[in-house]
Amino acid sequence: MEPQTTQKILKNPSKPNNPKLSELWWFFAAATCLKLLLIPAYRSTDFEVHRHWLAITNSLHLSQWYFDETSLWTLDYPPFFAYFERLLSLFANLIDPQMVHLHNGLNYTSDTVVYFQRVSVCVSDLGLLFGVYRLTRRLDHVRRRVMWVLVVWSPMLLIVDHLHFQYNGLLLGVLLVSVSCLEEGRDLMGGFVFAVLLCFKHLFAVAAPVYFVYLLRHYCWKGLVKGFGRLLVMGSVVVAVFTVAYGPFVYHGQMKQVIHRMFPFGRGLCHAYWAPNFWVFYILLDKVIAFLLGRIGFNIQAPAASFTGGLVGDSSPFAVLPQVTACTCNYGVGMEFEITPAITFIMVLLALSPCLIKAWRDPRPAMITRWIAYAYTCGFLFGWHVHEKASLQFVIPLAIVAVQDLDTARHYFFLSIVSCYSLFPLLYESQEYPIKVLLLLLHSMLMWLGFSAQFTKDKTLEMAPPGKRKDSHFRSNRSTAAAQKGGFVIGWEIWSYLVGLLLVEIWGQFLHPMFLSDKLPFLPLMLISVYCSLGVTYSFLWQLKQILVS
């Protein structure tokens with residue numbers, strides 16, 4: 001009787017209470033208060049980038065937006081984001097006209113500019129709030145609150161959006177809305193929202209293969225006539241979205257220029273600060289070979305290190321190994337090497353292929369979020385000119401999966417700490433050091449408490465009589481078994497890695513200045529990149545394993 005009862009419960013889970021919006025608003029308000037306190041803090045060159053985009057979209061006709069070169073910070077986002085900047089510029093012009101002046105506004109940093117742009121990010125986070133609400137409205141109150149902590153109180157979003165300065169909260173909110181639609185079986189709406197997201201920021205296109213395979217198999221593969229009809233509808237919706245976004249630029253004959261701005265492959269393989277991905281090992285190997293060849297008498301021209309300059313450009317400092325650029329490189333030994341962005345694209349697809357095969361064979365809505373997170377992990381690990389901030393694209397979706405089973409919660413605890421720590425070099429000024437450390441420590445404690453409360457409750461529910469399980473929801477057998485072994489406990493391997501993370505930080509902040517002074521200035525950042533790359537690579541392999549065995 002017990003197995004039959006359990007099976008019945010899993011097939012027909014009781015409908016949870018509707019979430020209290022007022023409680024979610026409290027979480028959001030608490031986060032907003034902290035964001036407002038951070039207004040006077042450090043801001044990166046991205047602050048001036050977005051201010052200049054306000055000036056471009058307000059001062060120039062649409063046909064000139066992607067041609068303007070008044071500043072180094074040219075417009076390189078898709079049209080929907082440009083339209084968003086245009087909307088913000090209307091309010092900015094009312095508050096301070098110089099803010100949106102194309103020439104007089106260059107490097108303009110008055111208090112009105114700072115407060116307007118900071119507050120605009122806080123307001124745009126309402127998109128994130130809506131996405132979180134859609135994903136959590138059917139969850140029980142414990143899982144709901146844990147997910148709010150993971151997403152709404154994410155220290156990575158605070159660092160990237162509200163200190164460094166960007167609008168990732170809005171964009172990730174759109175992604176979460178799309179994911180929630182797919183999980184609910186509303187495939188057409190999910191595809192529509194994802195198409196809108198791509199017209200806001202094209203770097204989210206890494207997950208496009210997953211969307212294509214899943215929607216083709218789950219939504220369109222319904223027989224010849226019905227399937228073709230659905231394919232036609234889905235295609236029409238996507239084309240309509242891209243027509244609205246790019247139509248005006250097609251009309252003005254500017255698509256070539258728009259694409260050139262959106263895909264500046266000449267910037268090189270690596271960003272100014274090495275994102276913790278596969279290519280860090282390539283760079284490290286190059287430096288080791290160069291050092292060894294130099295020691296045995298070869299004259300190796302070492303490139304100048306550039307890690308925190310902040311300027312875009314080719315920051316791929318290779319001394320021995322083939323230069324990874326968008327052109328062909330000759331090495332004077334009768335051999336020709338050509339390593340292009342296309343190779344990184346192929347590497348991403350190859351890494352993604354097991355997931356695509358799985359999505360085709362068994363297109364389950366319950367797995368779509370995990371597949372999307374894995375896709376962004378592949379793009380981060382093997383992509384071209386990856387920014388360290390792009391880790392948000394897989395950390396935030398994985399938060400959705402983390403509340404579903406204990407193994408994923410443990411992995412998320414590890415990955416979120418590694419990814420957040422990898423962002424520390426973005427805030428390199430001393431006055432922000434306590435802020436980023438406290439944000440990471442506080443969030444780690446909240447994650448631990450939240451997961452402990454959730455999986456302790458899961459253990460209690462599993463041990464309760466069948467009639468007492470009305471509030472329980474679907475969870476994997478693996479999660480249930482793990483919960484019965486002691487709840488949320490981290491293994492020694494993860495603890496060992498996190499202790500190593502602490503040692504890397506102690507070296508960079510205290511021991512390196514003490515013992516090496518100004519020597520080897522690149523070493524602390526290189527250690528962070530390499531060590532965090534090990535963690536991200538482990539996460540990639542772990543996610544791949546979970547997909548293959550699911």
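Predicted model: local features only at pLDDT ≥ 70, side-chain atom pairs only at ≥ 80, totals over all residues.
## Nonpolar cores

The largest nonpolar core has 152 residues, and within this core Leu-150 and Phe-451 touch the most other members. Helix 16, which covers residues 368-382, gives the most to this core, with 11 residues. A separate core of 11 residues lies apart from it; its members include Cys-270, Tyr-282, Leu-523 and Met-526.

Phe-451 shows what the contacts of one such member look like. With residues up to four places away in sequence not counted, Phe-451 touches Val-146, Leu-150, Ala-402, Ala-409, Tyr-412 and Phe-488.

Thr-377 counts as buried because its relative accessibility is 0%, the cut-off for buried being under 20%. Leaving out residues up to four places away in sequence, Thr-377 touches Phe-394, Phe-540 and Gln-543. With Gln-543 there is also a polar contact between the side chains, at 3.1 Å.

Ser-154 is placed in the loop between helix 7 (141-151) and helix 8 (155-165). Its relative accessibility is 4%, so Ser-154 counts as buried. Beyond its neighbours within four places in sequence, Ser-154 is in contact with Val-149, Ile-396 and His-443.

## Salt bridges between separate parts of the chain

The structure holds 10 salt bridges. One of them joins Glu-23 and Arg-145, with the closest N and O atoms 2.5 Å apart. Glu-23 is in helix 2 (residues 21-37) and Arg-145 in helix 7, so this pair ties together parts that are 122 residues apart in sequence. Glu-23 is buried, with a relative accessible area of 17%, whereas Arg-145 is partly exposed at 37%.

Arg-137 and Glu-184 meet through their side chains in another salt bridge, at 2.9 Å from N to O. Arg-137 lies in the loop between helix 6 (126-136) and helix 7, and Glu-184 lies in the loop between helix 9 (168-183) and helix 10 (187-198), so the pair ties together parts that are 47 residues apart in sequence. Arg-137 counts as partly exposed at 21% relative accessibility, and Glu-184 is partly exposed with a relative accessible area of 29%. Both residues also belong to a network of salt bridges that links Arg-134, Arg-137 and Glu-184.

Asp-407 has 19% relative accessibility and counts as buried, since the cut-off is under 20%. Arg-410 is partly exposed, with a relative accessible area of 22%.

## Nonpolar surface patch on the exterior

Val-499, Leu-502, Leu-503, Ile-506, Phe-510, Leu-511, Met-514 and Phe-515 make a nonpolar surface patch of about 790 Å². One of these residues, Met-514, lies in helix 21, which spans residues 492-515. Met-514 counts as exposed because its relative accessibility is 59%, the cut-off for exposed being over 50%.

The loop between helix 21 and helix 22 (523-549) contains Ser-517. Although Ser-517 is not a glycine, its phi is positive, at about 55 degrees. This residue counts as partly exposed at 47% relative accessibility.

Leu-520 is found in the loop between helix 21 and helix 22 as well. Its phi is near 45 degrees, again a positive value in a residue other than glycine. Leu-520 counts as partly exposed, with 43% relative accessibility.

Terms used: Residues numbered from 1 in each chain as written. Heavy atoms only, no water. Patch = residues over 30% accessible without salt bridge, like charges linked within 9 Å, V, L, I, M, F, W, Y side chains within 5 Å. Areas by Shrake-Rupley, 256 points an atom, 1.4 Å probe, with all protein chains shown as cover. Salt bridge = Lys/Arg side-chain N within 4 Å of Asp/Glu carboxyl O. Helix = DSSP H or I, 4+ residues; strand = E, 2+ residues; numbered from the N terminus. Buried < 20%, exposed > 50% of the residue type's maximum accessible area, 1.4 Å probe, protein only. Core = buried A, V, L, I, M, F, W, Y, C linked by side-chain atoms within 4.5 Å. Contact = heavy atoms within 4.5 Å. Polar contact = N/O pair within 3.5 Å; in protein donor to acceptor, adjacent residues only side chain to side chain.
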